[in-house]
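Hi,

Here is the structure I promised to send over. Have a look at it first, and then read my notes below.

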Amino acid sequence: MSKVELRAAMRRARKSYVASLDSSERETRERALAVVIWPLASQARCFAIYSPVGSEIDPRLVTSRHDCPSTAYPAFTDATAQMTFRSGLCAEDCPVGGVQPPPQAIAVIPELVFVPLLAVDPVGNRLGQGGGHYDRALPALRTNGATLIGIGWEMQRLDFALPADPWDVPLDGFASPSGLEMFS
């Protein structure tokens, strides 16, 4: 399958999976994700997560601890702008969907980035939404030494290789409610 076909199939599969969860089970699974990613997040001076849209797993429960390090979120000045990260709470609509910190929030370079995805393969190749926002941001984050961890539901971890383009940056690991897998 092409990336376009895989995206469509994975969007359908993720939506169907989440629809099969009642609200209590979804919350339980998202709390389990927070437990899984906390050991990594707690060691970072600044880590980045995202505000979920639709059937994406919600990573924000990891920030509910009183000893949580600085947290950053993707931010855009407009839908075609380069993605940056700003610290603080999401308080305004994001031009590419979801919410983001306001423009006056401090821009940061996170050392740990929890990356949303549609799918990930056994070596860390990520299938994103197709907008290219993370594809354009990940090379600079990697150059700055950031650890890149994909997060999602267990069903998003595929057992076969995804097509990878030359600009794709492999992830260092994948976290789901069931645990953390680091790629070599």
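This is a predicted model: local features need pLDDT of at least 70, side-chain atom pairs count only at pLDDT 80 or more; totals for chains, interfaces and linings use all residues.

Residues are numbered from 1 along each chain as its sequence is written, and side-chain values use heavy atoms, leaving out hydrogens and water.

Cys46 has 8% relative accessibility, so it counts as buried. Cys94 is in no disulfide (a pair of cysteine sulfur atoms within 2.5 Å); its nearest cysteine sulfur belongs to Cys90, 8.4 Å away. Cys94 is buried too, at a relative accessible area of 10%. In total, the structure holds 0 disulfides.

Next, helix H3, residues 133-143. (Helices are DSSP runs of H or I with at least four residues, strands are runs of E with at least two, and both are numbered from the N terminus.) Which of its residues are buried? They are His133, Tyr134, Ala137, Leu138 and Leu141. These five cover an arc of only 110° around the axis, so they sit on the same side of H3; the arc is taken from the directions from the helix axis to the C-beta atoms. The buried residues of H3 pack against strands S2 (70-75), S3 (84-87), S7 (112-116), S9 (126-127) and S10 (147-151), with contact meaning heavy atoms within 4.5 Å. After H3 comes Gly145, with a positive phi near 90°.

Last, the aromatics. There are 2 aromatic pairs. Rings of Phe, Tyr and Trp (its six-membered ring) pair if their centres lie within 6.5 Å; planes under 30 degrees apart are stacked, over 60 edge-to-face, and the rest tilted.

- Tyr17 and Trp153: the ring centres are 5.6 Å apart with planes at 55°, so this pair is tilted. Tyr17 lies in helix H1 (residues 3-19) and Trp153 in the loop between S10 and strand S11 (173-176), 136 residues apart. Tyr17 is partly exposed at 22%, whereas Trp153 is buried at 0%.
- Phe47 and Phe114: the centres are 6.0 Å apart and the planes at 75°, so this pair is edge-to-face. Phe47 is in strand S1 (residues 46-48) and Phe114 in strand S7, 67 residues apart. Both are buried.

Cheers

Methods. Buried means under 20% relative accessible area, exposed over 50%, partly exposed in between (1.4 Å probe, protein chains only).
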